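This briefing goes from the chain as a whole to a few of its residues. Please keep the sequence and the model side by side while reading.

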Amino acid sequence: MRLISICPSNTELSVYLGLKESLVGVDNYSDWPEEVLGLPRLGPDLSIDMDKVEELQPDLVLASLTVPGMEKNIEELENREIPYVIVPNPTTLTEVGECLLFVGEATGTKEKALKLKKKYDSILGYYQRLSTQVEQPKTVYWEWWPKPIFTPGAENWLTEISELSGGSNIFEDQQKASVETDWDDVRERDPDVFCVVWVGVEHEKVNTKVIYRRDRAEEMRSLNNGNLHVLEEPLFCRPSPRLLLGLVKIANILHPSVYPSFPEGMDPLIDHAKGWGFSDD
């Protein structure tokens with residue numbers, strides 16, 4: 001199968017399903033695994049070069065509507081009669097797992113998808129059990145963007161990740177996926193932990209000085225206690241199974257005595273770690 005992915009999360013879903021060798025082109029933002037960087041780049045996910053897509057003669061394009069503006073990609077695929085499927089836009093960790101099944105069905109890898117989904121669910125169950133052992137949950141603030149400030153609300157997987165990690169999202173009272181707020185609101189909520197995951201910004205390039213310069217920042221517990229964490233944005237902001245890696249990282253940061261750290265460079269969905277409480281079957 002000649003497969004094209006035009007958004008990063010779809011690329012990652014296909015790789016988990018063993019379809020890395022089937023990929024013949026990807027969008028500009030797809031960056032995992034490293035091997036996909038050598039594939040033909042088809043432009044940013046909001047402006048895919050459909051001439052290039054057509055030239056690659058795909059058997060199937062994995063499309064998406066996760067970001068407003070992607071509709072024009074679908075229109076072009078329709079106009080050119082290029083075969084495609086729209087991978088669902090998940091908002092929960094369970095729905096991310098269901099995307100594995102969707103792509104598996106579309107690409108003829110259903111058996112692999114079912115096996116991965118079973119392990120994926122087992123890992124979530126393991127973290128649910130561990131979360132009940134946390135005696136003092138921590139409040140967490142996730143900053144998606146610094147100006148204006150955007151943060152996830154209740155209808156986003158980061159609220160789930162917070163709970164599974166023995167914490168709570170300080171904006172879980174907002175019944176939406178994305179919340180635009182201001183610094184005064186964040187400061188008054190005074191979270192235990194401050195997590196920076198600026199969308200589209202590599203964590204090495206995040207300038208935390210802009211945060212410490214904000215009005216009365218010194219009053220916040222998280223900034224006083226060294227609990228500002230700059231995290232790898234793709235592990236927290238893309239609806240792919242790599243969210244499990246984000247879960248592993250933040251849970252161990254919040255409660256290292258309760259949650260294990262997975263060996264660096266390994267993936268709980270792919271690799272086996274001795275002593276972990278989930279099934280590899």
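A residue is called buried when its relative accessible area is under 20%, exposed when that area is over 50%, and partly exposed in between. The model discussed here is a predicted one, and its chain comprises 11 helices and 11 strands.

**Overall form and surface**

- The chain has a radius of gyration of 19 Å, which agrees with the value near 19 Å that a compact globule of 281 residues would have.
- The C-alpha trace extends over about 55 × 45 × 30 Å when it is laid along its principal axes.
- Of the 281 residues, 52% are buried, and the accessible surface of the chain amounts to about 13100 Å², with 48% of it belonging to carbon and sulfur atoms.
- Among the contacts in the chain with a separation of 6 or more, 58% are made by residues 24 or more positions apart.
- The side chains include 28 positive and 48 negative ones, and the centres of these two sets are 4 Å apart.

**Aromatic pairs around tyrosine 141**

- Seven aromatic pairs are present in the structure, and one of them is the tilted pair of tyrosine 141 and phenylalanine 171, whose rings are 6.2 Å apart from centre to centre with 55° between the planes.
- Because tyrosine 141 lies in strand β5 and phenylalanine 171 in the loop between β8 (167–169) and β9 (178–181), this pair ties together parts that are 30 residues apart in sequence.
- Phenylalanine 171 has a relative accessible area of 0% and is therefore buried, and tyrosine 141, for which the value is likewise 0%, is buried too.
- Tyrosine 141 also pairs with phenylalanine 194, and this pair is edge-to-face because the ring planes stand at 90°, with the centres 4.8 Å apart.
- This second pair links distant parts of the chain, since phenylalanine 194 belongs to strand β10 (residues 193–196) and tyrosine 141 to strand β5, 53 residues apart; both residues are buried.
- Ring pairs join Tyr141, Phe171, Trp183 and Phe194 into a cluster.

**Glutamate 143 in strand β5**

- Glutamate 143 is located in strand β5, which covers residues 138–143, and its relative accessible area of 0% means that this residue is buried.
- Apart from neighbours within four places in sequence, the contacts of glutamate 143 are Ile149, Phe150, Phe194, Cys195, Val196, Val197, Trp198, Ile211 and Arg214.

**Cis peptide bonds**

- Tryptophan 32 and proline 33 are joined by a cis peptide bond with omega of about -5°, and proline 33 is situated in the loop between β2 (23–26) and α2 (50–55).
- A cis peptide bond also joins lysine 147 and proline 148, where omega is about -5°; proline 148 is placed in the loop between β6 (145–146) and β7 (149–152).

**Positive phi angles outside glycine**

- Glutamine 57, although not a glycine, has a positive phi of about 50°; this residue sits in the loop between α2 and β3 (60–64), and its relative accessible area of 60% makes it exposed.
- Arginine 216 is not a glycine either, yet has a positive phi of about 60°; this residue is in the loop between α8 (209–212) and α9 (221–224), and with a relative accessible area of 40% arginine 216 is partly exposed.

Definitions and conventions:
Residues are numbered from 1 along each chain as its sequence is written. This is a predicted model: local features need pLDDT of at least 70, side-chain atom pairs count only at pLDDT 80 or more; totals for chains, interfaces and linings use all residues. Side-chain values use heavy atoms; hydrogens and water are left out. Helices (H or I, at least four residues) and strands (E, at least two) are DSSP runs, numbered from the N terminus. The radius of gyration is taken over C-alpha atoms; the globule rule is 2.2 Å times the number of residues to the power 0.38. Buried means under 20% relative accessible area, exposed over 50%, partly exposed in between (1.4 Å probe, protein chains only). Contact means heavy atoms within 4.5 Å. Accessible areas come from the Shrake-Rupley method with a 1.4 Å probe; for residues, only the protein chains shown count as cover. Lys and Arg count as positive and Asp and Glu as negative; His and the chain ends are not counted. The place of a charge is taken as NZ of Lys, CZ of Arg, CG of Asp or CD of Glu. Rings of Phe, Tyr and Trp (its six-membered ring) pair if their centres lie within 6.5 Å; planes under 30 degrees apart count as stacked, over 60 as edge-to-face and the rest as tilted.
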